[in-house]
Amino acid sequence: MTGYPLLLDLAGRRVVVVGGGAVALRRVHDLVAAGADVLVVAPEILDDLAALAPVHRRPFGEDDLAGAWLVMACTDDPDVNAAVAEAAERRQIFCVRADSATGGTARTSAVARFDGLTVAVNGGDDPRRAVALRDAVATALDLGELPARPVRPAAGGEVALVGGGPGDPELVTVRGRRLLARADVVVVDRLAPRELLAGLPDTVEIVDCGKSAHRHNLTQDEINEVLVDRARAGKRVVRLKGGDPFVFGRGGEEWLACVRAGIPVSVVPGLSSALAGPAAAGIPLTHRGVAADFTVVSGHLDPGRSADEGVDWPGLAASGGTLVLLMAMERLELIAAELIEHGRDPATPAAVVHRATTSGQRVVRGPLREIAGLAREAGLGAPSVVVVGDVVDVLVS
Ligand code: SAH
């Protein structure tokens, strides 16, 4: 049957379901949800089914079709289903046969609904194909991989600070993907997972903070201005950042800029490279009997002069916990020396995880006193996460 696809308005209309088992139950459930006036006819009927709709506990008779717009033959007896189909044919009522894809005069579809859209899939004579495709479409819609952008509401613009995760495009959150799929403007960082931009329609404006048209990086003030300006113009703005927006990402400043300008702003947490980097290298940040705490520190200032930033290097050196250093590659030599001077064992295992979770990931391990040199020899610079502590070797066999 080539068929002619239709969406039926069944609200208040009589639909007769012949059959009282599991198949009938699924159909009745959906029909009731569609507002149909359902009548179930079968000698034996599941209690769950009887709770959903009026029932006639007896064999099917043609008179049961009185007033029906549609009938579903859902018994496990092909002869009964055939008799239902014949009766429906005589009365010019469409009939769906559950047991035989080629029988009857109508077919049901595998259905996905999303944001006012209905996707109905028919799989020829193989309903499993339809279900498999429907499931794939439903997932893709949910992840924003398909062009199902809703007509934008009249409401004003807004900004979402979205954590894009450490780099692998699969490590962004579902909510982040969804917001990205609905964005009018995406303001993106150098370290954000840029593969996610590939699927966006051409109509989406992409503002690249790491590589502007003038070939210089946008300053933080310029970025704040772009966010506020676009949102004021009624756009849905996604600020796509690497890792988590509120971990060394200046997300707090962007948040405040929006609040000061009266722009609705939200934050979608992301998987920080501080967590994902060590994990991707097989390093647990805590491990029973080895480390019960970890500290995430920025290494972008000289250890000797970082009092303003509140980094207590002597304290960190003295504690036995795991250290995770971001933005530390330029000063790794100084940082390691500082830690050793204040009491960390020079033999403490350390690791540098470069471009974690991406296809360019590289890992170098070595004792704290040598880690900076080893990383330099291996040519590893930013972006890298440095881990210091006995956990570095705990899974190495
Ligand atoms: N908000 C981010 C951190 C931004 S600061 C987050 O939560 O991950 C930038 C620093 O993050 C880099 O210098 C580097 O230390 C680290 N970084 C970000 N992505 C990384 C990656 N894929 N691999 C290793 N380090 C990364």
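Select the ligand to begin: in this predicted model, the ligand sits in the second largest pocket. Here a pocket is an open set of points on a 1 Å grid over the protein atoms alone, with protein on both sides within 12 Å along at least five of seven lines. A molecule sits in a pocket if more than half of its atoms lie within 2 Å of its grid points.

Residues are numbered from 1 along each chain as its sequence is written. Local features need pLDDT of at least 70 and side-chain atom pairs count only at pLDDT 80 or more, while totals for chains, interfaces and linings use all residues, and side-chain values use heavy atoms, with hydrogens and water left out.

Of its 17 residues, Pro166, Val247, Ser273, Ala356 and Ser384 come nearest. The shell divides into 10 nonpolar, five polar and two charged residues; Ala, Val, Leu, Ile, Met, Phe, Trp, Tyr, Cys and Pro count as nonpolar, Asp, Glu, Lys and Arg as charged, and the others, Gly among them, as polar.

Now select Ser384, where a backbone N or O atom lies 2.7 Å from an oxygen atom of the ligand. For Ser272, an N or O atom in the side chain is 2.8 Å from a ligand oxygen atom. At Asp244, a backbone N or O atom lies 2.9 Å from an oxygen atom of the ligand. The protein covers 92% of the 540 Å² of accessible area that the ligand has on its own (Shrake-Rupley method, 1.4 Å probe).

Then colour the chain by domain, using bounds from an automatic or database domain assignment: domain 1 (14-108), domain 2 (158-268) and domain 3 (274-393). The ligand lies between domain 2 and domain 3, because both give residues to the shell around it. The centres of domain 1 and domain 3, taken over C-alpha atoms, are 67 Å apart.

Finish with two backbone details. Most residues other than glycine have a negative phi, and most peptide bonds are trans. Select Ala382 and Pro383, which are joined by a cis peptide bond with omega of about -5 degrees. Gln92, not a glycine, has a positive phi of about 60 degrees.

Notes. Near = heavy atom within 4 Å. Polar contact = N/O pair within 3.5 Å; in protein donor to acceptor, adjacent residues only side chain to side chain. 1 Å grid on protein atoms, 1.4 Å probe; cavity = no way out; pocket = protein on both sides within 12 Å on 5 of 7 lines; lining within 4 Å.
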